[in-house]
Structure formats: C-alpha cells, structure tokens
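Look at how strands pair up in this model.

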Amino acid sequence: MFSRAYKAAVTLPPLMWVTVFLLVPYLLMFCYSFWSVLASQTIEHSWNLTNYGQLLRIDVYWQTLLRSMWIAARVTIFSLLLGYPLAYFLSFHAGTRKDLLYQLVIIPLWVSYLVRAYAWKTILGSDGVLNTLLQYVHLTKHPLEFLLYSPFAVVLTLTHIYTPFAFLPIYAALEHIPRNLVEASHDLGATPGQTFWKVIFPLSIPGVVAGATFAFVLSLGDFLAPLLLGGPSGIMISNIVVSLFGAAYNWPLGAAISFCMLLLVVSLLFFSERLEKKWSFS
Amino acid sequence: MSSITTAVNISAKAGTQTAPSTLLSIRNVAKRFGKNVVLRDISLEVAEGEFLTILGESGSGKTTLLRIISGFESASAGEVWMGEERLDRQPPYRRRVNTVFQHYALFPHLTVEQNVAYGLRVAKRPDAEIASRVEEALEKVKMSAHAKSKPSKISGGQQQRVALARALVNRPRLLLLDEPLSALDANLRRQMQVELKSLQREVGISFIFVTHDQEEAMVMSDRIALLRSGELEQVATPREIYGRPATAYAAQFIGHTNLLRGEVRGGSVRCGPLVWSAAFRDGPALFSLRPENVRLSDGNAAMAGGVRIRGKVRHQAFHGATELIRVECGDGLVLVVRTPGSSGALDEVELEFSSADAILVRESLERI
C-alpha cells in the first residue's frame, strides 16, 4: 500500500500539467469562440454564435475544411497502401533482416519534419530534380507546374511523412498474430491468398484502424506542408486558423474553427477506439 | 526359450497378416537445422485406420517429424508418401492431412461454428453441405450448444473439442495430433484420452499422435514409435514394447525396469550373483527385468526355469495397489520388486523370477 502523501505527490504534477497546459487553454479557446472583435481591434466579451454562423456562411471556411478532410483522406489511403504491404512483408517474410528493415522505416522519423518538407520542394520545383530529369530525358519540354504548389504536392509530402505512423501500429498488430493460426489455416486447405483475407487481414484490423487514425488526424491538422508546398490551391484549414490568430487578428473566429476541428478529431478518436475494440480478440 | 530375434520376426509377420493397407509411408527421412541433426534416417509406415503414437522426450524430434508430414517443415532427405502420392513436395494446403495443434490454434475472430466450417468454406463446398457437416461434427464432439460462441468464451477442454471437430469435418485420410492433451488438467486429460480413442475407432481415420507421456501412449495407441535423439528406438504395439523392449532406453522409458548387466558364456548368463541358463551368443549382455516379474519366494520348490536369490530389503514404497521393494542382493546388485498390495515390514527375503522374463536388450548409446 502507498501512503496518501505519496499518491498525492505522484498524481499532482501530471494533474497540474494537464490543467495548466490543456484544460485551461481549451476552456479559454472555447470562451473566445463566442466573443467577437470590434472595429477598434478590441475583443468584445459578449456571448453569441456569430463566429459559428460565419463558419457556415462564408464559403472559404467550410470549403477549406472539406478540402483539408479530402487531403487527409487521400494521405490516409496512400499511407495505408504503402504501410500495410511494408508491414506485412517485414512481419512475415523479412526473416533475419527484420530488425534492420524496421530501423530503416523508423529512421526518417529522426529527420526534422521541416527538412523533409524542404526536400520535396527541391524535388518538385520548376528547377527541381524531377522536372530537370524529365526534361533531360525529353519526356517533357517545359517544367510541369502542377508538381509544386498544389494539393498534389501536399498529399505527396504528407504521405511521405505519415506513412511510418500508419506502418507502426499495423506492424505491431501483424506481429501479434500467433503464427500457428496461419499454419492452421494452411493445414485446413486455405491457399496463402485465402489465409491472408480470412485470417491475417481480419486480425490486423485494429492496427489498420489505429494507423488510419494517426495518418488522418495528423495530416488534417498539418499546416507546414500546405504552407511550404501547397500554394493557393493547397491551403488547409490550419493555415486559415494560423492567419486568423496572426495577421487577421480575429481570435474568436480562429477559436471557433479550432473548436470544430477539435470536436471532429475527438469524435473520430472515439469511433476508432470503438472499432479497434470490436476487432481485437486477445 | 526362443531368442529375441525370432520372437520379433513372428510378431512382425503376424502384424502384416492382419494389418490393413499402408496409408502413409515415411522413407529415410532426415532433418537438419544448420549443423544440428534433428532426425536421422526415419522410416515408418502407418496403416489405414491405425492409431500410431510418436513417443519421445522433448527434443527427440517428434514434433519436427509431425511437421514434416503436415508440410510446415521440409525434410532434408527422404520422402513421404501417401498411397501413390508423394506428399513431401506439396504445400501444406494441398495435403489431405489435418492437424490438431498443441494450443488448438482456433481463429479468435470466428465463432466455434465458423471455425469448424473454415476448411469446407475454403474448399468452396455448397452452403447446405457445410451447414449439415458442421452440425454433425459439433454434435460428435458434444459442442453444438456452443456453436455461436467465440473461442475465448469457452474452456480449454472445449477448445480442444472444437479443434478436433474443425479437423475431422474435412474427412482427412490422416489426422495429426501434436500433444493435444498437454494443456489439460489430469482428470480432463484421462477423460479426453478415452473419448479421443473411441472417436478414432468410430470415424476410422488414421491418427498420428505425438506425446511425451508414456502412459498416454500405452493407453491410446495401436502402435508406438519410440523416438530418441532423432532416431527410432522401437516401433511396436504397447504390449510388445513393454513386454519385449528392444533397447535399454525403451525398457526404462516405458514403465519401470531392472537393468541387469552381465555376460553370456557357453549357454549360461551371469549377472553378478545371478546365474541362469539361456541360449544367447557369448559376450557382454544387458537384460531388462520388470519389477512385477520378480516375486517374493514363498519357500516352496522352485518353478521351472526359476532363478532365486536372497537379499536384504533396503526400501519399501507403498503405492496402493502395489508396493515397490528395493532389495540389495550383494555384489552391487539391487533388484526392484513389485508386489501386489502391502507386504508388511520386511528384512531378509528370497526373490524369484523366471529366466524367460529377463529380456535381452540392446545397449542405448549416448548420442550428442
């Protein structure tokens, strides 16, 4: 048994941390979302729903939110399409090279996000590596403009950045599948393909859900990739929030948008948690 | 008395006359993992409808041999045939062999019913047929009431039955069982031994049963293949292997025995203070004498071929139905005697056994 004093000493710091750095800011943000900015650039502390109304009324806000979700959805799909086969190969067929390959997948995470985003800029730009190469081998006459400053560039970069996040939970789920289940399936006459779809994939679903949640939530809130590579057409909702809190000086509207995103993300996490529970059997 | 070689020949002939046709034939199979030799030159035949047990200690290679038959391991040398069909070149999912795994390996995301239906589903049998065969299989193992349960909701013994039904529903020609009872407690285990055996009789499928438990092997098997360090020591019926063990290891591993080391010269055997006449080839010899074949002499006239010796009782252990008595007979010879019931406190005794019960066995050489 631990003494009361000990329990208090252990629980107090994290409790304080959560209160000061999470609860209070969120509460403040929630309050801000009901206030408004006067012409004199001062904030009026009167409670109304104008900001939420604006969010629905002004096209650019909800359209950007939808586009962000669409970008995040594509990033999720591509991350899963890349991450799943990689995780499957590593878990089932890599043999003795497993640890080495695993480290190779993880290494990009040690490189600064900013560096990786800039790297794509040098690859995709008009004078970039890709366009130079394409012109050198005479596949194109002029630099391809859609490569950089477009939603394409954003999806590509975010996929590159978040694939390891999708990979990791999938890999963990696959590693947890008892290998005698795979043998039992073969023993009962199932081909490798049937075994994958009837045993391996269903049992890896919790990992897929967790990986998809990571990729979607992280890329939905991203603002660096669209800032550096998105151009006007690749703007995402976080960029709008940043500008509302910065140059536009409309904290209340920024807070309202942030709160909507928070709600979206939390409900998403809730559903993915439910889904993971439903598909785990240990 | 006839020598051991003729006795074995006679029983082998009797075996081939009554045995039905051969189902599985393992020919000179060997297995190496790197430099580690796990199996060497194993040849073994399994008849239709036979219950064969591969018995061995852990590390004897018994599971590896089973995995070579099921296809999860490939043999380094040798062949496996099922009838006219060469098995060892086929992937596991093409072999008409099913396995009951040590830890059952039930699919956790499927219900009991779906688990049992798995093999028929992947074989794309019609739905009506699947339903009726699954029902029948669950009935056979008395698990119909749990058809809709997930494996995590049923007990170990029940999972065991489901694993059995899942394998049998495919009507394999051969069922492999990898220590299927080892995870069950003693009572349930004995009950399952009986059930499994009667189920095997009922369905008439050949079983290859792997275990390290010699009693289990004795109770269930038509024949036992005793494996030691990757080599077969003896393949015989439980009675044969107990009554006429071929090697010292077989004699010691299956039941208790007295191993008597001695010498044969000119038709007479001498083991320390013991002397009897027998027609074996001259030279050093090793004999197995079961404790229950040694009696406390009642002082009457010796029986024909009887060997008698006096000794001092060193230890008595009462086991209920029988009592084990250790008797020191001088010259370093200690004999263990099994007597029915309790014999009371003993001191000096005279022992008696028939020389026919001293079975000549081969030395089991230590191998690395």
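## Strands side by side in chain B

B:I224 stands opposite B:A236 in β10(B). Strand β9 (residues 223–228) of chain B and β10(B) run antiparallel, joined by 5 bridges. Strands are DSSP runs (E, at least two residues), numbered from the N terminus. Two of them pair if DSSP finds at least two bridges between them.

This is a predicted model: local features need pLDDT of at least 70, side-chain atom pairs count only at pLDDT 80 or more, and totals for chains, interfaces and linings use all residues. Residues are numbered from 1 along each chain as its sequence is written, while chains are lettered from A and ligands numbered from 1 in the order in which they are written.

**The open sheet.** In chain B, 6 strands form an open sheet in the order β6-β7-β8-β3-β9-β10. The pairing is mixed. β6 (97–100) and β10 (231–236) of chain B stand at the edges. Each has a single partner strand, so one side of each is left without a neighbour in the sheet. Neighbouring strands of this sheet are turned by 20° against each other on average, direction ignored. Here axes are lines fitted to C-alpha atoms, and angles run from 0 to 180 degrees between N-to-C directions.

Strand β17 (residues 322–328) of chain B runs antiparallel to β16 (residues 306–318) of chain B. β17(B) also runs antiparallel to β18 (residues 334–340) of chain B. B:A317 stands opposite B:L324 in β17(B). B:R326 stands opposite B:V336 in β18(B).

| Hairpin | Residues between the strands | Positive phi |
|---|---|---|
| β16(B) and β17(B) | 3 residues | B:G320, near 100° |
| β17(B) and β18(B) | 5 residues | B:G330, near 85° |

Key. Helix = DSSP H or I, 4+ residues; strand = E, 2+ residues; numbered from the N terminus.
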